[in-house]
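Please keep the sequence and the model at hand while reading.

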Amino acid sequence: MIDILMQTQLNSKDKMKYVKLFEDNNIYESKLNEGWKEDHGYDSEGTTTIDGTPLKNGMSIKQLIKLWKKDEKLEKKIGSSPDGSLVNYYAKESYELATLLHKKYGWDFQVEFYRTAWNYGGHINPSYHLKGPWESRKSPITINTGRAGSNGGVQFGGILDGLDISGSGYRSDIIESGTHYTWSIRAASEMSEFFAIISGSFDRTYNLPMTAKNMVSLGKSFLKLRKAWMKIWGTGGKLDKAYDKFTALRPRKNFGIYYSSPSLYPKYVKWYIDLPREFRHPDEYGGQDNWSDEKWEMDSAQEEVSSIITNFCRKHGINDWISADK
């Protein structure tokens, strides 16, 4: 039976909280109130179940595949995809992509469920998160189901952040954490080549195949690296203080220096800073003997930031990317 409530696990395994899948509980009457509802077991006041198995957050993709096939049979019996069905136009694309990656690479995904608002279709909207020692929202791979007016897509992070994806057709040559990489019509066919590019880049970067086991192992190492990074950056550490000192000198306005905040990637730390030629080749401008005190102060401040980044990278065996190249 397919019902219309989502089951969310609390901290205790023995306690469950049932949350309505609709964004707004004050919904209009849906098609679930039509006559066929009673005939086929769709109940708007029950637990989301398919053939007695509840749809609950955290279930594996293997479990979902079984339930998906059962729901397909029920829909054939009904002759349509009713409101509240698991198998629907939007979920179909993300499901086919997740199952393709599961079969091709052996990746195990955990599934979470959400119900879109009635004015966005009111359908069950699963998302797929690579299983591992991380919160679902911090998974290296997350596949999101689309909805009316919005295509589905994939988000990356963690150990995949910064991987080279040149030739993929996306605007950036590296994977950018938080970016939503969308498909237009057919997810599995359109994203298959993209994942092949990512897999190849992973192999070259880590000298390892892109298996779930390797991603989990590297993910644990990156978590330790991030904890060390947070001791100097983002929590008032020495890099924060040096960077604040540098930016307080108003380098962009006073000297035309362009820069960004330092960023940690699994294999390097990047700090984009574009110094004018007079800083890089002072001999062409009369030498440093002619520098003003303000220019000396600025040079010293940016050198302090660079030095902290370089020392961190050496200590942890990664590269520093301090460059004017974006």
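How many residues line the largest pocket, and which of them lie nearest its centre?

## The largest pocket

The model shown here is a predicted one. Its largest pocket is lined by 23 residues, and the ones that lie nearest the centre of this pocket are Trp134, Lys138, Ser139, Gly157 and Gly158. The volume of the largest pocket is about 570 Å³. When the lining residues are sorted by class, 10 are polar, 7 are nonpolar and 6 are charged.

Two elements, the strand β9 (153–156) and the helix α5 (212–232), each supply at least two residues of this lining. The element that gives the most is α5, which contributes 5 residues to the lining of the largest pocket.

## Helix α5 against helix α9

Besides its part in the pocket lining, α5 packs against helix α9, which covers residues 293–316. The axes of these two helices come within 12 Å and cross at roughly 155°, and since an angle over 145 degrees counts as roughly antiparallel, α5 and α9 are therefore described as roughly antiparallel to each other. The crossing in which α5 passes α9 is right-handed.

On the side of α5, the contact is made by Leu225, Ala228, Trp229 and Ile232, while α9 brings Ile308, Phe312 and His316. By class, this contact between α5 and α9 holds 6 nonpolar residues and 1 polar residue, with no charged residues.

## Helix α6 against helix α9

Helix α9 also packs with helix α6 (residues 238–248), at an angle of about 155° and with the two axes 9 Å apart. This angle makes α6 roughly antiparallel to α9. The crossing of α6 and α9 is left-handed, whereas α5 passes α9 in a right-handed crossing.

Lys238, Leu239, Ala242, Tyr243, Lys245 and Phe246 of α6 meet Met298, Ala301, Gln302, Glu304, Val305, Ile308 and Ile309 of α9. Sorted by class, the contact of α6 with α9 has 9 nonpolar, 1 polar and 3 charged residues. Ile308 of α9 takes part in this contact and is also named in the contact with α5.

## Helix α3 against helix α4

A further pair is formed by helix α3 (residues 89–105) and helix α4 (residues 187–206), which pack at an angle of about 40° with their axes 9 Å apart. The helices α3 and α4 are therefore oblique to each other, and α3 passes α4 in a right-handed crossing.

In this pair, Glu93, Glu96, Leu97, Leu100, Leu101, Lys104 and Tyr105 of α3 meet Ala187, Ala188, Met191, Ser192, Phe195, Ala196 and Ser199 of α4. The contact of α3 with α4 comprises 9 nonpolar, 2 polar and 3 charged residues.

Methods
Residues are numbered from 1 along each chain as its sequence is written. This is a predicted model: local features need pLDDT of at least 70, side-chain atom pairs count only at pLDDT 80 or more; totals for chains, interfaces and linings use all residues. Side-chain values use heavy atoms; hydrogens and water are left out. On a 1 Å grid over the protein atoms alone, a cavity is a set of points where a 1.4 Å probe fits but cannot get out, and a pocket is an open set with protein on both sides within 12 Å along at least five of seven lines; lining residues have an atom within 4 Å of a point. Grid points are joined across faces, edges and corners, and a volume is the space filled by probe spheres set on the points. Helices (H or I, at least four residues) and strands (E, at least two) are DSSP runs, numbered from the N terminus. Ala, Val, Leu, Ile, Met, Phe, Trp, Tyr, Cys and Pro count as nonpolar, Asp, Glu, Lys and Arg as charged, and the others, Gly among them, as polar. Axes are lines fitted to C-alpha atoms, for helices over the stretch in contact, and angles run from 0 to 180 degrees between N-to-C directions. Angles under 35 degrees count as roughly parallel, over 145 as roughly antiparallel, 65 to 115 as roughly perpendicular and the rest as oblique. A crossing is left-handed if the near helix is turned anticlockwise from the far one by less than a right angle, and right-handed if clockwise. Contact means heavy atoms within 4.5 Å.
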